[in-house]
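Here are some notes for a colleague who is meeting this structure for the first time. Please read them with the sequence and the model side by side.

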Amino acid sequence: MLRQQSPVFGPMDFLAGDGEMASLIRNTDWSEHSFGPSEEWPQSLRSALAICLNSAFPTAIYWGSELRLLYNDAWAPIPGPRHPTALGAPAKEVWSDIWSIIEPQFSEVIRSGKGLFLQDHMLPMQRYGFEEETYWSYSFTPLRGEQGNIVGVWNTGSETTDNVIQRRNAEFLLKLNEALRSAGSAQEGLRIAVERLGVHLSAAGVRLAIPGKPGAGFDVAQSWAAPQARLPDASSPPWISAAAEAELRHGKTLFLTRRDPELDPQCRAYLEARRISNAIFVPWITGGRLEQALLLHWTRPRAYSALDVSLVERVLDIVMGWVSREKTLAREAVMAQEIDHRARNMLAILRSTARLIRADTVAEFREKLDERITSLSRTHGLLSRKKWGGRAAARGGRRGVLSLRRRHPRPGHPRRPLRAARSKRRADDRHARPRADHQCDETRRAAHNRRHATAALGSRDRGGPVAALGRELPGGERPRDGLAGWRLRHAAADAHRAGPFRRADRADDRPGPPALRDHPAPRCLVGAGRRAAAGER
């Protein structure tokens with residue numbers, strides 16, 4: 001198998017390769033270094049370095065009494081900006097920020113002559129000018145020279161920060177959900193979530209804010225601050241720049257840091273005024289509109305982490321879901337009360353309708369009751385189509401449009417007292433009943449049932465509006481027939497005094513065609529064709 005190698009090789013081929021570190025080591029003048037010229041390096045170092053440079057796994061060699069560094073391309077990003085000056089430098093200088101942690105580990109390996117492996121070990125590095133929370137899985141293995149003594153330490157390892165934070169965030173979400181299940185209200189759950197999120201991310205303050213007008217800042221709905229942290233109000237000036245706020249309103253997460261040389265001056269003033277180094281703004285968008293935003297502030301420098309942003313978004317999603325569910329439950333409670341109220345109203349209408357039917361036989365009673373209920377159902381359909389709105393129901397054509405509108409007295413024209421108006425209607429009803437035809441039977445019954453419902457429910461509102469029942473043609477023209485302008489005065493007090501119906505003792509006294517005699521008109525129906533009837537008389 002080894003015969004397949006190139007027949008051309010030499011004593012310096014341990015530095016062979018086209019990688020960055022192999023080239024850098026070859027081109028470095030080691031004559032003034034403690035290692036001495038590379039041609040004079042011991043065979044143990046040459047062999048170890050050849051393996052290191054040709055390995056695809058992050059590998060470093062700590063050589064000599066000062067544990068000076070040699071490493072490959074995969075290990076080069078680990079020291080951050082300390083590369084490439086870390087090449088050939090003592091470990092105590094390269095890792096001065098964590099030397100108190102790793103120095104005992106080196107001592108143990110050298111003293112015992114045995115390897116050491118650590119998994120997900122936290123090393124608070126300060127590679128970029130501030131302390132980072134980093135986790136590593138790495139090993140230390142002793143290297144022996146030609147005499148059998150330990151001359152260095154072999155190091156391999158990789159960063160596992162993302163894995164550790166993901167597991168920790170998952171555990172945090174599980175515990176948060178357990179705590180939210182015991183919350184008595186959405187507001188309490190919101191307080192719990194904001195507080196626990198701030199503690200988990202070591203933030204100085206967390207705020208759930210409601211956006212106001214552009215440039216005016218946000219109103220704080222819920223806030224939490226770490227002990228001994230004194231943060232000004234998030235909405236107090238200065239506010240972030242208009243460009244940053246526009247990005248936030250369009251659903252983009254903002255990460256502001258004072259260490260960014262390209263940070264907008266107004267955003268920098270926002271951070272400096274609040275004595276914070278970093279801030280995250282996570283928006284909550286509903287229907288393309290910014291509804292709320294979760295703001296997190298840190299007083300100590302912190303690197304941007306997609307995992308942190310992901311966790312904040314997840315917590316915001318959970319919190320807003322709780323708020324939405326509480327609103328839904330409140331709406332369902334109101335709807336249940338409304339349904340119950342309407343059901344009782346309908347039962348009262350049916351009960352009163354059954355009481356007012358006059359019949360000699362059960363069959364006749366059943367037929368009239370079925371006819372009344374059918375008419376009531378049609379009336380309900382007409383009224384619910386526009387929910388008593390001010391626009392006409394969607395029924396066009398030659399027959400016109402049935403409209404329902406609420407009328408109030410015009411300014412300067414006070415409504416007449418009910419008693420006087422009732423007396424005048426009695427006189428008018430005796431002489432000028434509007435003419436009726438078979439086509440208006442359903443309209444008349446609609447008014448009849450609505451008047452009857454008012455009396456059955458026992459409403460006593462004397463000053464309420466007036467519901468008017470009339471017909472309109474599609475072009476806005478009003479027909480001139482007698483029944484077209486009937487008005488149903490929905491005055492509950494009048495209904496209570498006069499009773500739901502005006503009955504005649506004899507069938508001969510009932511005006512109108514025979515088809516309407518079994519359904520006497522309510523006395524609140526007054527004809528717009530009254531003048532026409534009076535003229536004919």
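Predicted model: local features only at pLDDT ≥ 70, side-chain atom pairs only at ≥ 80, totals over all residues.

1. S202 has a positive phi of about 55° although it is not a glycine. With a relative accessibility of 56%, S202 counts as exposed, because the cut-off for exposed is over 50%.

2. A positive phi also occurs at D120, which is likewise not a glycine and has a value of about 50°. D120 belongs to strand β3 (residues 116-123), and its relative accessible area of 25% makes it partly exposed. Such values deserve a look because most residues other than glycine have a negative phi.

3. T160 is placed in the loop between β5 (150-159) and α5. Is T160 buried or exposed? Its relative accessible area is 10%, so T160 is buried, the limit for that class being under 20%.

4. A further point of backbone geometry concerns the peptide bond from H83 to P84, which is cis, with omega near 10°. P84 is found in the loop between β2 (68-71) and α3 (91-94). For the reader's orientation, most peptide bonds are trans.

5. Turning to helix packing, helix α5 (residues 161-181) and helix α9 (residues 306-356) have axes that come within 11 Å and cross at roughly 15°. That angle makes α5 roughly parallel to α9, since angles under 35 degrees are classed in this way. The crossing of α5 past α9 is right-handed. On the α5 side the contact is made by residues including I165, F172, L173, L176 and L180, and on the α9 side by residues including L307, L311, V315, I318 and W322. The residues of this contact divide into 10 nonpolar, 3 polar and 3 charged.

6. Helix α9 also packs with helix α6 (residues 186-200), at an angle of about 170° and with the axes 9 Å apart. How are α6 and α9 oriented, parallel or antiparallel? They are roughly antiparallel to each other, because the angle falls in the class over 145 degrees. The contact is made by A186, L190, A193, L197 and H200 of α6, together with L311, V312, V315, V319, W322, V323 and E326 of α9. By type, the residues of the contact of α6 with α9 divide into 10 nonpolar, 1 polar and 1 charged.

7. Helix α9 also holds A354, which is partly exposed, with a relative accessible area of 26%. Leaving aside neighbours within four places in sequence, A354 is in contact with F365 and L369. The C-alpha atoms of A354 and D370 are separated by 9.9 Å, although these residues are 16 residues apart along the chain.

8. For the chain as a whole, there are 14 helices and 14 strands, and buried residues make up 42% of the 537 residues. Of the contacts with a separation of 6 or more, 59% are accounted for by residues 24 or more positions apart. The protein chain exposes about 30400 Å², and carbon and sulfur atoms supply 51% of that area.

Methods. Residues numbered from 1 in each chain as written. Heavy atoms only, no water. Axes fitted to C-alpha atoms, helices over the stretch in contact; angles between N-to-C directions. Helix = DSSP H or I, 4+ residues; strand = E, 2+ residues; numbered from the N terminus. Parallel < 35°, antiparallel > 145°, perpendicular 65-115°, else oblique. Left-handed = near helix turned anticlockwise from the far one by under 90°. Contact = heavy atoms within 4.5 Å. Nonpolar A, V, L, I, M, F, W, Y, C, P; charged D, E, K, R; others polar. Buried < 20%, exposed > 50% of the residue type's maximum accessible area, 1.4 Å probe, protein only. Areas by Shrake-Rupley, 256 points an atom, 1.4 Å probe, with all protein chains shown as cover.
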